[in-house]
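Subject: Structure for your review

Dear colleague,

Please find below the structure that I am handing over to you. My findings follow it.

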Amino acid sequence: MSASNVTVLTSSTTNEFSGEDAKWNHGAFTKVLLDALGKDADEDHDGLISMSELTYYVAIHVPTLTCGSQHPGVEQRFEGELFIAGQ
């Protein structure tokens, strides 16, 4: 993707499968993304989730949840800090 100011997150790399589990009701990537947006990714506890906080959270927690069998693809070109405001 050549556009600037765009971030692309994929659930896994090209040579991996995206894991699912019935206890999550969806895939590992979706579980981690929902946890992140539920304020878990707000590392500085300012009520805002920056793009860098989100991508870091996803990059760390997907491999942890899948015991290292899945690694999200992250291409971050978004330079702004605000992504989503928490409750």
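Valine 8 lies in strand β1, where strands are DSSP runs of E of at least two residues and helices are DSSP runs of H or I of at least four residues, both numbered from the N terminus. At 27% relative accessibility, valine 8 counts as partly exposed; buried means under 20% relative accessible area, exposed means over 50%, and partly exposed lies in between, computed with a 1.4 Å probe on protein chains only. The C-alpha atom of valine 8 is separated by 9.5 Å from that of threonine 55, although the two residues are 47 residues apart along the chain.

A note on the basis of these values is in order. The model is predicted, so local features need pLDDT of at least 70 and side-chain atom pairs count only at pLDDT 80 or more, while totals for chains, interfaces and linings use all residues. Residues are numbered from 1 along each chain as its sequence is written, and side-chain values use heavy atoms, with hydrogens and water left out.

Overall architecture

The protein chain has 2 helices and 6 strands. From the N terminus on, its elements run in the order β-β-β-α-β-α-β-β. Of the 87 residues of the chain, 28% count as buried. Contact here means heavy atoms within 4.5 Å. Among contacts between residues at least 6 apart in sequence, 67% join residues at least 24 apart.

Asparagine 5 is found in the segment before β1, which spans 7-10, and is partly exposed, with a relative accessible area of 45%. From asparagine 5 to glutamine 76 there are 71 residues in sequence and 8.1 Å in space, C-alpha to C-alpha.

The nonpolar core

Which residues form the largest nonpolar core? There are 10 of them: Phe29, Val32, Ala36, Ala41, Ile49, Met51, Leu54, Tyr57, Val58 and Val62. Helices α1 (28-40) and α2 (51-65) each supply at least two residues of this core, and the largest share, 5 residues, comes from α2. By a nonpolar core I mean a set of buried Ala, Val, Leu, Ile, Met, Phe, Trp, Tyr and Cys residues joined through side-chain atoms within 4.5 Å.

The packing of the two helices

Helices α1 and α2 pack at an angle of about 135°, with their axes 9 Å apart. That makes α1 oblique to α2. The axes are lines fitted to C-alpha atoms, for helices over the stretch in contact, and the angles run from 0 to 180 degrees between N-to-C directions. Angles under 35 degrees count as roughly parallel, over 145 as roughly antiparallel, 65 to 115 as roughly perpendicular, and the rest as oblique.

The crossing of α1 and α2 is right-handed; a crossing has that hand if the near helix is turned clockwise from the far one by less than a right angle, and is left-handed if anticlockwise. On the α1 side, the contact is made by Ala28, Phe29, Lys31, Val32, Leu33, Asp35, Ala36, Leu37 and Asp40, and on the α2 side by Leu54, Tyr57, Val58, His61, Val62 and Leu65. The residues of this contact divide into 11 nonpolar, 1 polar and 3 charged. In this division Ala, Val, Leu, Ile, Met, Phe, Trp, Tyr, Cys and Pro count as nonpolar, Asp, Glu, Lys and Arg as charged, and the others, Gly among them, as polar.

Two lysines of α1

Lysine 31 is found in helix α1 and is partly exposed, with a relative accessible area of 24%. Leaving aside its neighbours within four places in sequence, lysine 31 is in contact with Trp24, His26 and Leu65. Lysine 39 is also found in helix α1 and, at 41% relative accessibility, counts as partly exposed. Its C-alpha atom lies 7.3 Å from that of isoleucine 49, which is 10 residues away in sequence.

Positive phi values in two loops

Histidine 45, in the loop between α1 and β4 (48-50), has a phi near 55°, a positive value in a residue other than glycine. Is histidine 45 buried or exposed? At 69% relative accessibility, histidine 45 counts as exposed.

Cysteine 67, in the loop between α2 and β5 (73-76), has a positive phi of about 55° although it is not a glycine. At 76% relative accessibility, cysteine 67 counts as exposed.

Yours sincerely
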